[in-house]
There are 2 protein chains.
Amino acid sequence: MHRTRVKVLEDVLDANGTIARANREDFDRHGVTVVNLMGSPGAGKTAVLESTVRGLGGLRVGVLEGDVQGSLDADRLASLHVPVTQINTDPSFGGECHLDANMVRSAIPSLPLHELDLLVIENVGNLVCPAEFAVGEDLRVMVSSVTEGEDKPIKYPLMFRATDLLLVSKIDLLPHLDFDLYRYLGNLDSVHPGVPRILVSARTGEGIDQWRDWLLEKAVREP
Amino acid sequence: MHRTRVKVLEDVLDANGTIARANREDFDRHGVTVVNLMGSPGAGKTAVLESTVRGLGGLRVGVLEGDVQGSLDADRLASLHVPVTQINTDPSFGGECHLDANMVRSAIPSLPLHELDLLVIENVGNLVCPAEFAVGEDLRVMVSSVTEGEDKPIKYPLMFRATDLLLVSKIDLLPHLDFDLYRYLGNLDSVHPGVPRILVSARTGEGIDQWRDWLLEKAVREP
């Protein structure tokens, strides 16, 4: 039983990988750098994006919004006058808890790739499955809020290991929490030693310049 | 393709429902009331439980801890001298993002059911899939932190609809957040009108008595 289940999962992830590579080729052909933005529900993924998409130099940014239902986040971002495309994960059975490569593939025709340098794919809020499903991204960025507790890197190690950059969010709340930042960073280093990290607050703007600089460096516009 | 996928999901949920009913019969036979405790990673599920399991009158409480990996939460609760059993969801591929009825079934032999009146099953931190998989519970309780934002009921409606009680957690942080409690409660009522709700803070103890009273009422010890 267990072996059958593992085999099914292997096949699913194999197929996902094949489609993710096709997505990546499409993005590469258009010179678009793609970031897969992941994190818990309420970690602040959209808030961090809102504070970012303006002021990215001459970089042309688009967003692909993954949500179980609705278009709240897409509406928030569209008001900033960036191209936003919405994906709702299958609405039957409550919806999927992650984006997969095929959902992103279906959205590609509605993305203005020839007008973009950077595409941010905001994944469904979830610390488990999004880390298992590549969607064709160049880079993975995880948003992890200090309100979630110091233990999260140890409890959800796969996502913390899979990320290329960690944004530690809502740091303006640190004075009001029983949160030991050094213990958290120690836990982080125990599962992903030395992973780049930026402490940010979308509310106060702290760290946002540094996060913008990281994006600008990664998504250098092709000459 | 889509129809095949839906059929597979239906079969999975059908099988899960059958096993959940078997679990429920076992719990009923022992007179154990079972609560499935759900919420985001870091919503405060374990903290709320810690503040609860002591002082539940003469009620004998046990905990079944669902985690992707590790036993951090189980260790926290075991220090309170309640029986705690750990389930780690399949560690291959990063683990499952929810408990299912079969995982709980496998744990039943190691649960001291004859010594319990109330069993709390702490699910994996996730706002999507746990709501789709019954595990044999009598009641579903959801913990939703005010740090997660007012939009969560609308973005993850299935879980908010599935719950019998909502614990709105971390309310000691309200003065430090841009969080409109009335807007949040309005969103909640738009997806699950009138669902019972208790505002709690595990840190200050606010609302914890009311939550304990709710549990005591639901898990009346059989004479």
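I began with A:Lys155, which I found to be buried, with a relative accessible area of 8%. I keep in mind throughout that this is a predicted model.

I then looked up the partner of A:Lys155, and I found that its side chain meets that of B:Asp67 in a salt bridge, at 3.4 Å from N to O. A:Lys155 lies in helix α5 (residues 152-155) of chain A and B:Asp67 in strand β2 (residues 61-67) of chain B, so the pair joins two chains. B:Asp67 counts as buried as well, since its relative accessibility is 3% and the cut-off for buried is under 20%.

Next I turned to Lys155 of chain B, where I noted a salt bridge between B:Lys155 and A:Asp73, with the closest N and O atoms 2.4 Å apart. This pair also joins two chains, because B:Lys155 sits in helix α5 (residues 152-155) of chain B, while A:Asp73 belongs to helix α3 (residues 72-78) of chain A.

An α-helix has 3.6 residues a turn, so residues three or four places apart point the same way. I recorded B:Arg24 as partly exposed, with a relative accessible area of 34%, and B:Asp28 as partly exposed too, with 43%.

I then followed shared partners, and I noted that salt bridges join A:Glu50, A:Asp67, A:Asp73, A:Arg76 and B:Lys155 into one network. Over all chains, I have the count of salt bridges at 32.

My last entry concerns helix α8 (residues 208-218) of chain B, whose buried residues I listed as B:Ile208, B:Trp211, B:Arg212, B:Trp214 and B:Leu215. These residues are on the same side of α8(B), because the arc they cover around the axis is only 155°. On the other side of α8(B) I found B:Asp209 and B:Glu217 exposed. I also looked up what the buried residues of α8(B) pack against, and the elements of chain B concerned are the strands β1 (33-39), β4 (118-122), β5 (139-145), β6 (165-169) and β7 (197-199), together with helix α2 (45-53).

Terms used:
Residues numbered from 1 in each chain as written. Chains lettered and ligands numbered in written order. Predicted model: local features only at pLDDT ≥ 70, side-chain atom pairs only at ≥ 80, totals over all residues. Heavy atoms only, no water. Buried < 20%, exposed > 50% of the residue type's maximum accessible area, 1.4 Å probe, protein only. Helix = DSSP H or I, 4+ residues; strand = E, 2+ residues; numbered from the N terminus. Arc of directions from axis to C-beta. Contact = heavy atoms within 4.5 Å. Salt bridge = Lys/Arg side-chain N within 4 Å of Asp/Glu carboxyl O.
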